[in-house]
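Visitor: I would like to learn how to read this structure feature by feature. Could you take me through it?

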Amino acid sequence: MTIRVLNPTSESTVVTLEPAPRLQSLEGKTVGLISNGKEGTAGFFAHVDRLLRERYRVAEVILRTKSNYSAPAEDEIIDEARNWDLAITGLGD
Amino acid sequence: MSIALNSQYFDIDDSDDVQEFYHSRGWTDGFPIVPPTPEAVQACLDWVLMPPNEIIGIEPVRERTIDAEKLAINAVMAGCLPMHFPAVVSAWMAMLKDEFLLHGTTASTGGCAILVILNGPIRQEIGTRSDFNVLGSSDRATSVIGRAIRLALINILQVSPGAIDRSTLGHPGKISYCIAEDEENSNWPSLAESRDIPKEASAVTVLAACAPRQIMNEWTTKPEEILDTYAAEMRANMRNYSIWSGNYVVVMPAQHREHMRAAGWGRTEIANYLFEKARIKRSEWSTVGKGSVIRDKGDTEYCALPSPDHLLLVAAGGPAGGFGAIIPPWLGTKSQAVTVAIGACVDCEPPAAQ
């Protein structure tokens with residue numbers, strides 16, 4: 001006997017965002033780092049900061065830390081990020 | 001009966017095939033499911049008097065809408081009868097409050113589960129049990145309600161292991177984690193009453209919760225000594241897992257409750273005592289291998305509870321045995337317990353079939 005059953009998943013179409021244009025070079029750019037604030041991020045992002053300046057000659061590295069590492073970044077950080085050429089985030093310990 | 005549901009449907013040859021169909025798509029927790037037929041799903045919706053597209057809430061981080069139909073499909077799959085569905089709906093309404101931080105709790109490496117605590121008349125209406133094996137498979141109602149929460153997370157929000165769910169370990173409560181308070185055999189106001197829900201109302205409380213940690217002390221009748229054991233377990237959790245204060249559940253079975261009652265101790269006295277006793281200094285981390293992060297804060301004192309009100313004291317458990325349990329929060333106050341009254345008309349008859 002045929003049985004009719006339903007799809008339990010959301011089925012909703014997820015709006016996908018266009019990625020920002022890729023940079024050809026990091027030299028002279030402003031790079032923002034959004035840290036989740038966990039214990040291991042201090043050393044990690046300090047190292048990333050150094051690499052960006054020494055190896056890629058970026059003009060400025062700005063570190064911002066979320067107040068809650070399990071929640072999205074605050075609006076202030078997102079607003080500030082509009083002024084950056086590149087953001088590095090989504091990394092934690 | 002005309003059914004106007006919105007979900008994609010599949011016509012499958014027999015029930016064995018249904019099982020493999022769902023398993024193979026990652027739509028289960030690994031156990032067999034009840035086939036979510038349009039009739040069974042509609043019966044759940046009828047019970048709560050909701051149209052299929054009723055929005056239960058929106059998960060704010062990923063902006064995903066949770067509607068009644070999808071919840072009902074997952075509830076049926078979990079084994080829910082229509083009468084169980086109001087608790088599922090209300091639990092999801094609570095989980096979608098900002099202070100619950102649903103995305104963080106379900107995505108975290110910390111691996112917490114969502115504990116659902118039932119209070120009020122609905123417990124008896126749907127046949128929950130609050131005594132033997134209360135933190136295990138105590139009864140049909142709590143088993144299927146807890147499972148419905150998890151299946152809906154998996155299917156509606158992609159909280160599958162390795163997808164959104166990044167738990168390092170997880171724990172067995174992530175299959176089903178629902179209990180009902182033993183209000184009839186308790187001399188204190190229910191948990192929901194203590195959180196401003198009228199006694200006559202049914203309610204759910206949800207908490208992003210770690211696994212239970214069981215204690216035993218049947219060698220005293222003094223409240224202070226009994227509670228010292230609970231407090232010691234809370235301190236152990238603070239040392240070994242997370243030092244941050246938050247909503248701790250204390251599940252207290254009948255034997256310990258009787259000693260509390262005899263001494264005139266109620267919810268307030270218990271919470272106040274644990275608030276004072278469940279404290280550690282950061283320097284204690286040196287005893288459990290975490291000395292490297294004490295730094296200059298060794299003398300800083302941390303309390304398991306931000307205030308006595310943060311204790312979620314639940315009367316539950318079998319009649320004999322000097323056992324009890326604490327259930328720690330996932331991560332301090334980053335996710336907070338939420339209690340909501342069950343708003344659906346649980347005492348109404350579902351509408352007659354057309």
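Visitor: Let's begin with the two chains. How many residues of chain B are in contact with chain A?

Guide: This is a predicted model, and in it 32 residues of chain B are in contact with 17 residues of chain A. To read such an interface, look at which elements supply it. On the side of chain B that touches chain A, at least two residues each come from strand S1 (9-12), helix H1 (15-24), helix H2 (38-48), strand S3 (64-67), helix H3 (68-78) and helix H7 (140-156) of chain B. By class, that side has 17 nonpolar, 9 polar and 6 charged residues.

Visitor: Which strand of chain A is joined to S1(B) by bridges?

Guide: That is strand S1 (residues 3-6) of chain A, which runs antiparallel to S1(B) with 4 bridges between them. For a place to start on screen, find Leu6(A), whose bridge partner in S1(B) is Tyr9(B).

Visitor: Now H2(B). Why can one call it largely enclosed?

Guide: Count its buried residues. In H2(B), 8 of the 11 residues are buried, so the helix is largely enclosed by the rest of the structure. The buried ones are Ala40(B), Val41(B), Gln42(B), Ala43(B), Cys44(B), Leu45(B), Trp47(B) and Val48(B). They pack against S1 of chain A, and against H3 and H4 of chain B as well.

Visitor: In which sense do S4 and S5 of chain B pair?

Guide: Strand S4 (residues 113-119) of chain B pairs with S5(B) in the parallel sense, over 3 bridges. Leu118(B), for example, has Ala180(B) as its bridge partner in S5(B). Then see what packs on the sheet.

Visitor: What should I expect of the nonpolar residues?

Guide: In soluble globular proteins, nonpolar side chains tend to be buried together. Here the largest nonpolar core has 112 residues, and Val88(B), Val116(B), Val206(B) and Leu274(B) have the most contacts inside it. H7(B) gives the most to this core, with 10 residues. At least three residues of the core come from each of domain 1 (14-209 + 333-343) and domain 2 (211-327) of chain B. Another core, of 7 residues, lies apart from it and includes Val31(A), Val58(A), Val61(A) and Ala87(A).

Visitor: How many residues of domain 1 of chain B are in contact with domain 2 of chain B?

Guide: There are 26 residues of domain 1 in contact with 23 residues of domain 2 of chain B. On the domain 1 side of chain B, S4, helix H8 (191-194) and S6 each supply at least two residues. S6(B) gives the most to that side, with 3 residues. By class, the side of domain 1 of chain B that touches domain 2 of chain B has 13 nonpolar, 10 polar and 3 charged residues.

Definitions and conventions: Residues numbered from 1 in each chain as written. Chains lettered and ligands numbered in written order. Predicted model: local features only at pLDDT ≥ 70, side-chain atom pairs only at ≥ 80, totals over all residues. Contact = placed C-beta atoms within 7 Å. Nonpolar A, V, L, I, M, F, W, Y, C, P; charged D, E, K, R; others polar. Pairing = 2+ DSSP bridges. Core = buried A, V, L, I, M, F, W, Y, C linked by C-beta atoms within 7 Å. Buried ≥ 20, exposed ≤ 12 C-beta atoms within 10 Å, placed from the backbone. Domains from an automatic or database assignment.
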